[in-house]
Amino acid sequence: MLRVADDGALTYPPDAYANDGVLWWEQHDQKIVPGSKGSLPRMAAWLRWNVKPGQRFSTRELRSVLGIDQEHFQRRQRELREYGWRYLSAKEDPSLGEQCELLEYGWWPGEGPRPRRQAISAKVRRQVFERDGGRCVICGRAAGEYYEDGSRVVLTAGHVVANAHGGSASLDNLRTECRKCNESARADTGTAADPKAIVEAVRSLKRADQRVLLEWIRRGQRSRSNLDHVYDRVRLSGPAAKKAVVEYLQELEKREGGREAR
């Protein structure tokens, strides 16, 4: 991380410099420092040595310090997530505005060659969603449902072990996550929440629910009851199956109502 010298100038540790003696996020001769060309490696290097997890940065700031003004700069910034970088943007936390909050470092060029990205095929993504019942395994929300803030749930196939850390795009290393759970991981970052208020909310639960909550926390995802599984089968079935289920349940209601009337 950067340091401030006595004269006010910024200084960096040796690892922040490439083998040509120039900071990793500056321009390099590719024959001397291969793999450092392009906006993504440069922004990854700058973030690694200028922003700590929990601190904020902005796209405008990145453009300015790197001197890059290209059309697809924001797309390159989003691609950082495919290399293990985790950060929040206004999409996940509207209060951030134009800023982003860094959660976790990912690959940067000083670690070696850029990891090869393994694209998740449409077939594998569909298999992941079907296996997980079309719900986020972390929060349990389904595609098309809504968060408390009114935004709509969108599902994605998230890596259990990140691609940047050697994780593959195979079925056994993927799980269904909503975009908020995939991006934020607030519990791992210590973002603002009053511990006493959270514990008080847990204390208000029934003992059986507290045991289930502890299981969810230990597993890092919520378990689902038989009712959840059956509901998802109905939700994902065709119109004919849904109609048959509704008619069956409505008939049960009529019978129960008739018994109560007697």
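Entry 1: I looked up strand pairing (two strands pair if DSSP finds at least two bridges between them). Strand S3, residues 56-58, runs antiparallel to strand S5, residues 99-104, with 3 bridges. Arginine 56 has glutamate 101 of S5 as its bridge partner. Strand S4, residues 86-88, also pairs with S5 in the antiparallel sense, over 3 bridges. Here arginine 86 stands opposite glutamate 104 in S5. For my labels, helices (H or I, at least four residues) and strands (E, at least two) are DSSP runs, numbered from the N terminus.

**Entry 2: ground rules.** This is a predicted model, with pLDDT of at least 70 needed for local features and 80 or more for side-chain atom pairs, while totals for chains, interfaces and linings use all residues. Residues are numbered from 1 along each chain as its sequence is written, and side-chain values use heavy atoms, without hydrogens and water.

**Entry 3: the chain overall.** I find 10 helices and 7 strands in the chain. Of its 262 residues, 33% count as buried. Buried means under 20% relative accessible area, exposed over 50%, and partly exposed in between, with a 1.4 Å probe and protein chains only. I then took contacts (heavy atoms within 4.5 Å). Among those between residues at least 6 apart in sequence, 53% join residues at least 24 apart.

**Entry 4: strands S6 and S7.** Strand S6, residues 155-159, and strand S7, residues 174-178, pair in the antiparallel sense over 5 bridges. Threonine 156 has glutamate 177 in S7 as its bridge partner. Is S7 enclosed or open? It is largely enclosed by the rest of the structure, because 4 of its 5 residues are buried.

**Entry 5: the cores.** A nonpolar core is a set of buried Ala, Val, Leu, Ile, Met, Phe, Trp, Tyr and Cys residues joined through side-chain atoms within 4.5 Å. Which members of the largest core touch the most others? They are Trp25, Leu47, Phe57 and Trp85, out of 28 residues. Helix H1 (39-50), helix H2 (59-66) and S5 each supply at least two residues of this core. H1 gives the most, with 7 residues. Apart from this core lies another, of 7 residues, including Cys136, Cys139, Tyr147 and Cys178. I also checked phenylalanine 57. Beyond four places in sequence, it touches Leu47, Val51, Leu62, Gln77, Tyr87, Gln99, Cys100 and Leu102.

**Entry 6: the second largest pocket.** On a 1 Å grid over the protein atoms alone, a pocket is an open set of points where a 1.4 Å probe fits, with protein on both sides within 12 Å along at least five of seven lines; lining residues have an atom within 4 Å of a point. The volume is the space filled by probe spheres set on the points, which are joined across faces, edges and corners. For the second largest pocket I read about 160 Å³. Its lining is Leu227, Val230, Tyr231, Val234, Lys242, Val245, Val246, Tyr248 and Leu249. Helix H9 (226-235) and helix H10 (239-261) each give two or more residues to this lining. H10 has the largest share, 5 residues. The lining divides into 8 nonpolar, no polar and 1 charged.

**Entry 7: valine 234.** This residue sits in helix H9. Buried or partly exposed? Valine 234 counts as partly exposed, because its relative accessibility is 23%. Leaving aside neighbours within four places in sequence, valine 234 is in contact with Lys242 and Val245. Valine 246 is 12 residues from valine 234 in sequence, and their C-alpha atoms are 9.8 Å apart.

Terms used:
Nonpolar A, V, L, I, M, F, W, Y, C, P; charged D, E, K, R; others polar.
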